[in-house]
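I opened the notebook to look up how side chains pair within and between the chains. The entries follow in the order in which I worked.

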Amino acid sequence: MVHGEEQWTSGAGMAKMSRRTFLSRATTTMVGGIGALMGIPTVAYLVSPAKARGGLGVDRLPLGPISKFPVGEPTLFKAAIERKTGWVTQTEELAFYVFTEDGRNFSAMSNICTHLGCRVRWITDDEQFFCPCHSATFNKNGTVASGPPPRALDQFELLVEDEQLFVVGKVEA
Amino acid sequence: MIEKIDLWFEERMGWRPIWKALALRNIPKVTWAYTLGSATLLVMVNQILTGILLTIYYVPSPQDAYNSVSFITNEITAGWLIRGLHHWGASAMVILAGLHMIRVVVHGAYKFPREVTWFTGLGLLAVTMAFGFTGYLLPWDQKAYWATTVGTRMLEVVPVIGPWLLRFARGGEELSAVTLTRFYGMHIWVLPALLMLLIGIHMFLVVRIGISAPPKASETEEEGPELEVEA
Ligand code: HEM
Ligand code: FES
């Protein structure tokens with residue numbers, strides 16, 4: 001025999017519901033509730049690390065006295081930074097092309113191609129940056145001259161203090 | 001709508017008899033104590049799901065284990081929750097399985113024809129405790145390290161093969177990276193496989209044989225309790 005075929009009323013004026021229907025709905029509701037209660041934290045848990053944005057890792061990165069930067073030609077500078085990804089802290093090498101026309105106003109560009117991330121290099125004869133992966137070229141100021149890259153090279157914000165040059169952050173595109 | 005979808009699948013898969021056998025099966029009139037097995041099962045599902053989530057960030061190496069665990073607890077959204085559920089669920093599962101077992105003993109439900117259910121139950125309890133033991137080492141903190149040092153050391157008193165067992169459990173003389181990875185492998189591959197096998201048999205038998213009715217108190221001492229073979 002099957003239990004719970006009897007009808008029961010849970011209060012005056014309430015519609016009759018079989019015990020089986022009640023229990024089946026109550027079970028479905030509880031399972032759904034637990035599912036939602038667990039589902040939301042699960043999604044948050046999985047998405048969590050994707051929210052972290054890689055910054056410089058330091059407030060300011062010293063590049064040295066401004067007198068040492070060649071005038072008129074972008075020059076590659078490398079600096080090591082400590083970066084924490086997850087629970088691992090690694091030393092990472094950042095490279096920028098520092099450029100100045102007058103020895104007082106500086107700009108710094110990333111050497112990472114905005115197409116698919118290869119490293120660009122300055123070709124003195126052509127007065128252009130060249131990316132070997134898909135033959136893109138960028139102008140002296142970082143704007144795209146030719147090829148597939150969707151936007152100019154990333155710029156870094158700079159600061160001159162006591163004749164010293166510092167990188168202070170990435171300029172958000 | 002739902003009925004239509006249900007019918008669409010039913011026509012192609014014919015799974016209604018299976019649903020009937022599992023969810024709509026007849027059972028004797030039972031008490032709340034009979035829900036202890038299902039409660040254990042629910043916690044088991046919790047352990048499986050939260051355990052899988054923990055492997056997304058956990059790394060079983062001496063350099064990374066502790067840091068990856070504290071990363072989960074302190075930096076990942078809801079990481080404290082997922083880890084907390086797995087941590088407390090481990091104890092809850094041992095307690096619930098124990099209570100479930102007591103209920104089975106008190107009702108004499110282990111007797112014919114349910115001996116195999118009982119034996120697989122013993123296996124499940126052993127597997128559950130092995131989960132607890134191997135899982136305890138994984139955070140690789142002081143407590144984990146010394147608890148496992150002591151726990152594995154106990155194997156040494158086994159006659160004849162004791163010293164060998166100790167070295168086998170540790171994967172060498174001392175606790176090391178080798179111990180950590182073998183405990184991890186046990187915890188996430190070997191034991192789950194055993195658990196699935198045993199729970200499969202256990203649950204099959206619960207459905208196939210049907211559960212026992214609560215024993216009735218006999219009217220006269222001489223008669224002895226009524227033997228209910230089939231529910
Ligand atoms: C590891 C986790 C375990 C799970 C998930 C589990 C699950 C279940 C479930 C859902 C039932 C149905 C009836 C009830 O809940 O009382 C059951 C029955 C049973 N279990 Fe377990 N069980 C576990 C461990 C054990 C242990 C440790 C023993 C004893 C050694 C055991 C022996 C039995 C027996 C003999 C039955 C049949 C009871 C009857 O027919 O009345 N189980 N189990
Ligand atoms: S990656 Fe630089 S052009 Fe494609």
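**Notebook: rings and charges**

I began with B:Tyr58, which is buried at a relative accessible area of 9%, where buried means under 20%, exposed over 50% and partly exposed in between, with a 1.4 Å probe and protein chains only. I noted that this is a predicted model, in which local features need pLDDT of at least 70, side-chain atom pairs count only at pLDDT 80 or more, and totals for chains, interfaces and linings use all residues. Residues are numbered from 1 along each chain as its sequence is written, chains are lettered from A and ligands numbered from 1 in the order in which they are written, and side-chain values use heavy atoms, with hydrogens and water left out.

**Aromatic pairs**

I searched the whole structure and found 16 aromatic pairs over all chains, counting rings of Phe, Tyr and Trp (its six-membered ring) whose centres lie within 6.5 Å, with planes under 30 degrees apart called stacked, over 60 edge-to-face and the rest tilted. One of them is B:Tyr57 with B:Phe71, edge-to-face at 6.1 Å centre to centre and 75 degrees between the planes. B:Tyr57 lies in the loop between α3 (36-55) and α4 of chain B and B:Phe71 in helix α4, so this pair ties together parts 14 residues apart in sequence; helices (H or I, at least four residues) and strands (E, at least two) are DSSP runs numbered from the N terminus. Both B:Tyr57 and B:Phe71 are buried.

I then returned to B:Tyr58, which forms a tilted pair with B:Tyr184, 5.4 Å centre to centre and 40 degrees between the planes. The partners are 126 residues apart, B:Tyr58 in the loop between α3 and α4 of chain B and B:Tyr184 in helix α9 (residues 177-209) of chain B. B:Tyr184 counts as buried at 14% relative accessibility. I also recorded one aromatic cluster formed by A:Tyr45, A:Trp87, B:Tyr57 and B:Phe71.

**Salt bridges**

Which side chain meets B:Glu75 in a salt bridge? I found A:Lys84, at 3.1 Å, N to O, the rule being a side-chain nitrogen of Lys or Arg within 4 Å of a carboxyl oxygen of Asp or Glu. B:Glu75 lies in the loop between α4 (65-74) and α5 (79-106) of chain B and A:Lys84 in strand β4 (residues 75-85) of chain A, so the pair joins two chains. B:Glu75 is partly exposed at 46%, and A:Lys84 is partly exposed at 47%. The count comes to ten salt bridges over all chains.
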